[in-house]
Amino acid sequence: MNKSHDKVVYLNREPTVIPGAEHNISRNAISDNALKVLYRLKNAGFAAYLVGGSVRDLLLGREPKDFDVATDATPEQIRELFRNSRLIGRRFRLAHVHYGDDIIEVSTFRAPHRIDTSAGHAVDGRIIRDNVYGGIDDDVWRRDFTVNALYYNIADEAVVDYVDGMRDIKSCCIRLIGDPHERFTEDPVRLLRAVRFATKLGFRISGDTERCLSELAPSLGGIAPARLFEEVLKMFFNGYALQTFEQLRHYRMFGELFPQTEEALAHQYGGFPHTFVVNALRNTDNRLAENKPVTPGFLLAALLWIPMDRLARDNIAQGLKEMEAIMLAGDIVISKQTRSTAMPRRFTQLAREIWQLQPRLARSVNRRPHRLVQHPRFRAAYDFLLLRAESGEEVTELANWWTAFQQDNPVKKAHSGDKHNSRRRRRRRQRQS
């Protein structure tokens, strides 16, 4: 390891400009819609740069998922230039330019928070508002990691590098720009982003950046739960959920996101909680690799299964019936979870239904199994049962029974609308007769 590569990236330096002939980014690899935005800004007299992860991925020979643009045009000027745009955000004002389902995000160059104004405001080092505008040589220092701070200029196809981002891409290194402690304090979500990028790209985290991760992990507790949920989606639904989970635990961040799960893992019996969570995350990665659908509701059910199940067993010991015990435990566990990482109701409701169907799977073996198979959440509940069996719970025989039952009795799926129309036709015939 070249230790000089682990030094902090400091400010106030001239950029390195890499001409188009000396890098591998081709306009053919940039989406047509991103090019439309870049050229319209340029032709209107504004600076227009492709920036962030898209530049990084293009340099790595990867296909970017999104294309972000940076410019000296203000959000209001962007809106005037693009009728298909709308301004979003209060903390960080920017424009989304819509082309059907495709969205190109366009941000105005930001400047440092030298003064406390209505446009920019920080409390205890944490940025609360971030709408102080500047130039590209201001904006670069507001970005988080060196590999995300490269600018591709549509005017001459050169890459502008203020922070040795090209060097870090070549050496596979994730490094914060500026003093790590200060930059993580500005926005603790950068802690999660450091882990996500390192895992996704297969990069190491530089020593100065890494030293702050565990120390500042508790600062995630001050981030809005809804914003943390967005980060959870990015970390656990990118094909590297298992590796990300292991890194989050290593740096003591997982407990800030899922405290009840972390407590169960810390007091596991026979290794089961850890095995169950690992299998759930591996299952998510495998499904994404096979282009199969995934839902946060299923993963939420898996991550909170152990604390919910233990609480339900305590409720049963207190005299509650099994279903009532599960429903009460589910409400309590999810209520606690949303204080850390907020989850939309459609996902928490799916988790509850998966849990509540587990005892019904056991009871329906000898009573109306055909009816349960028609339940809209049956498949998710059955997959969850398989996960429990795979992880060592004593439900293997039950899981095998349901597998064999479905093989012998293929499910005939009926659309709820068809059922409704059938009932209406039946009632109409009855009235006519």
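**Strands first**

Analyst: Strand β2 (residues 48-51) and β9 run antiparallel and are joined by three bridges. This is a predicted model, where local features need pLDDT of at least 70, side-chain atom pairs count only at pLDDT 80 or more, and totals for chains, interfaces and linings use all residues. Residues are numbered from 1 along each chain as its sequence is written, and side-chain values use heavy atoms, with hydrogens and water left out.

User: What counts as a strand, and as pairing?

Analyst: Strands (E, at least two residues) and helices (H or I, at least four) are DSSP runs, numbered from the N terminus. Two strands pair if DSSP finds at least two bridges between them.

User: Ok, which residue in β9 is the bridge partner of Val-51?

Analyst: That's Tyr-151. On to another strand: β9 is also joined to β10 (residues 159-161) by three bridges, again antiparallel. There, Leu-150 stands opposite Asp-161. The hairpin of β9 and β10 has five residues between the strands, and Glu-157 takes a positive phi near 65° in it.

User: Are the faces of β9 buried or exposed?

Analyst: Both faces are covered: Leu-150 and Tyr-152 are buried on one side, Tyr-151 and Asn-153 on the other. Buried means under 20% relative accessible area, exposed is over 50%, and partly exposed is in between (1.4 Å probe, protein chains only).

User: Switching to rings. How many aromatic pairs are there?

Analyst: Rings of Phe, Tyr and Trp (its six-membered ring) pair if their centres lie within 6.5 Å; planes under 30 degrees apart are stacked, over 60 edge-to-face, and the rest tilted. By that rule the count is 16. Tyr-49 and Tyr-151 are edge-to-face because their planes are at 90°, with ring centres 5.9 Å apart. The pair links distant parts of the chain, with Tyr-49 in strand β2 and Tyr-151 in strand β9, 102 residues apart. Both tyrosines, Tyr-49 and Tyr-151, are buried.

User: Why does Trp-401 count as partly exposed?

Analyst: Because its relative accessibility is 30%. Phe-405 comes in at 9%, so Phe-405 counts as buried.

User: Tell me about α16, then.

Analyst: Helix α16 (residues 305-317) has 13 residues and reaches 18 Å from first C-alpha to last, close to the 18 Å expected at 1.5 Å a residue. That expected span is 1.5 Å times one less than the number of residues. After α16 comes Gly-319, with a positive phi near 110°.

User: Last thing, how far do I trust the coordinates?

Analyst: pLDDT is the predictor's confidence in each residue, from 0 to 100. The chain averages 89, and 86% of the residues score at least 70. Over residues 1-5 the pLDDT is below 50, and beyond near neighbours in sequence that stretch has six contacts (heavy atoms within 4.5 Å) in the model. Residues 115-129 are also below 50, with 36 contacts beyond near neighbours in sequence. Where pLDDT is low, the predicted coordinates should not be read in detail.
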